[in-house]
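Here is a structure to read together.

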Amino acid sequence: MSEVGNGKIAVVTGAGGTLCSAMAINLASQGYKVALLGRSLDKLKKVEEIILAEGGIAISVGVDVSDEASVIAAKDTVEKELGVCTVLINGAGGNQNDALTNITEYDERELLDDGSVKGFFNLKMDIFNSVIQINTMGTVIPCFVFGRSMAANKQGSIINIASMNSYRPLSKVGAYGIAKAGIANFTQWLAAYLAPANIRVNAIAPGFFLNDRSRKIMFEADGSHSARAKNVLSHTPLKRFGEAPELLGCMNWLISEEAAGFVTGIVVPIDGGFLATSGI
Ligand SMILES: NC(=O)c1ccc[n+]([C@@H]2O[C@H](COP(=O)([O-])OP(=O)(O)OC[C@H]3O[C@@H](n4cnc5c(N)ncnc54)[C@H](OP(=O)(O)O)[C@@H]3O)[C@@H](O)[C@H]2O)c1
C-alpha cells in the first residue's frame, strides 16, 4: 500500500456507482481511509469488500445527499469512526428517466397529453426538481456539512463532479443540464469563498462514460449502438466512451498539494475531445 494518503481521510459520495467506486478504490490503494457514502448500502459494501481485500480501510455509510439531516448523520458517523476528512469527492448524482424528454424539440403533439410523445410540457415538475435537488443540492449539502469541519481544520480538497452539460445544454436532459451547470458555477463560487480556509475546490467534468443506466440508453438489445450512442460518438473525436480509470489521474492531480496546490476553481473536462468540436 502506497503512503500518499498516509492515513488521511477521504469521503466519496456516490461511491457505490461506476465512476466513484473506481475513485474510492484508488484512494484507498494510496493509503487514504475512505468513507463510502451512497443510498444503497449493498452497492457500497461491495466496494468496501474490494478495499478491505486489498488491505485498505473503508466504511460504508448510507445517506441521501440531498437531505441535510441525513448528511449530518453521515458526517457524525464518519468523524466518530475515522475522523475529519481532508478530501471530499461529490460524486452522488445522475439523471432520472422520467425527467427526460424523448424528443429534441417542441412537437405540437405534446399538448395532447396522450403519450404519443414525451416533450417538455409532458414532464412532471416534481421529478424535474428532484434531479436538480439530488445533483446540485446533493453537492452543496455535503460541502456545507463536511466543509465546515475541513474549514475548522484549515485544510482540504473538494472535487465536485460536473458534466458536458455544465458547459452547454444537451438535448432531452433539461433538468440534468441545470443541475450540472449549477455545480460548475458553485465550484467556482466555493473555491473563492473557501480559499482563506486553505480548502481548494475543483470539479471534474466527465464526457460520456458508460454506467448501468446509460448502458441501457446507448445499446440496443442486440448489443449494437443506439441512435443516441451513434450521435454521442460522432461528436466525440476519440470515437469511444470513457472508462472510469481515466478519471483517476485528474483526481489525483487535483487532490495533491504538491502538484495542484495553486489550482482552485477549475472544471476539468475529460471528454475524448467532445468540447473541442461542434461536430460540423
Ligand atoms: N457516467 C457518465 O457518463 C457521467 C458523465 C458526466 C457526469 N457524471 C456524473 O458522475 C457521477 C457518477 O456517475 P456514475 O456514472 O458513476 O453513475 P452511477 O453509477 O449511477 O453512480 C451514481 C451513484 O450516486 C448515488 N446516488 C444517487 N442519488 C443519491 C442520493 N440522493 N444520495 C446518495 N447517493 C446517491 C447512486 O446510489 P444508488 O445507486 O444507491 O441510488 C449511485 O451509486 C454523477 O454525479 C453523474 O451525474 C457521469
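**Reading the model, one feature at a time**

Q: Is N198 buried, exposed or partly exposed, and why?

A: Burial is a count of neighbours: a residue is buried if 20 or more other C-beta atoms, placed from the backbone, lie within 10 Å of its own, exposed if 12 or fewer, and partly exposed in between. N198 counts as partly exposed because it has 15 C-beta neighbours inside 10 Å. N198 sits in the loop between α5 and β6 (199–206). Its phi is positive, about 65°, although N198 is not a glycine.

Q: What should I know about the numbering and the model?

A: Residues are numbered from 1 along each chain as its sequence is written. The model is predicted: local features need pLDDT of at least 70, side-chain atom pairs count only at pLDDT 80 or more, and totals for chains, interfaces and linings use all residues.

Q: Where is K172 found?

A: Look in the loop between β5 (156–161) and α5 (174–194). Helices (H or I, at least four residues) and strands (E, at least two) are DSSP runs, numbered from the N terminus. K172 is not a glycine, yet its phi is positive, near 75°. K172 has 18 C-beta neighbours inside 10 Å, so it counts as partly exposed.

Q: How many residues does helix α3 have, and how far does it reach?

A: The expected span of a helix is 1.5 Å times one less than its number of residues. Helix α3 (residues 68–81) has 14 residues and reaches 20 Å from first C-alpha to last, close to the 20 Å expected. G83 follows α3, with a positive phi near 125°.

Q: Which residues of α3 are buried?

A: They are V71, A74, K75 and V78. Seen down the axis of α3, they fall within an arc of 100° (the arc of directions from the helix axis to the C-beta atoms), so they line one face of the helix. On the other side, A69, D76 and K80 are exposed.

Q: Which domains does the protein have?

A: Domain bounds come from an automatic or database domain assignment. Here it gives domain 1 (9–207 + 243–272) and domain 2 (210–241). Their centres, taken over C-alpha atoms, are 23 Å apart.

Q: How many residues surround the ligand?

A: A residue is near a molecule if its C-beta atom, placed from the backbone, lies within 6 Å of it. Around the ligand there are 30 residues, and the closest are G14, G17, R39, S40 and G93. Domain 1 and domain 2 each give at least three residues to this shell.
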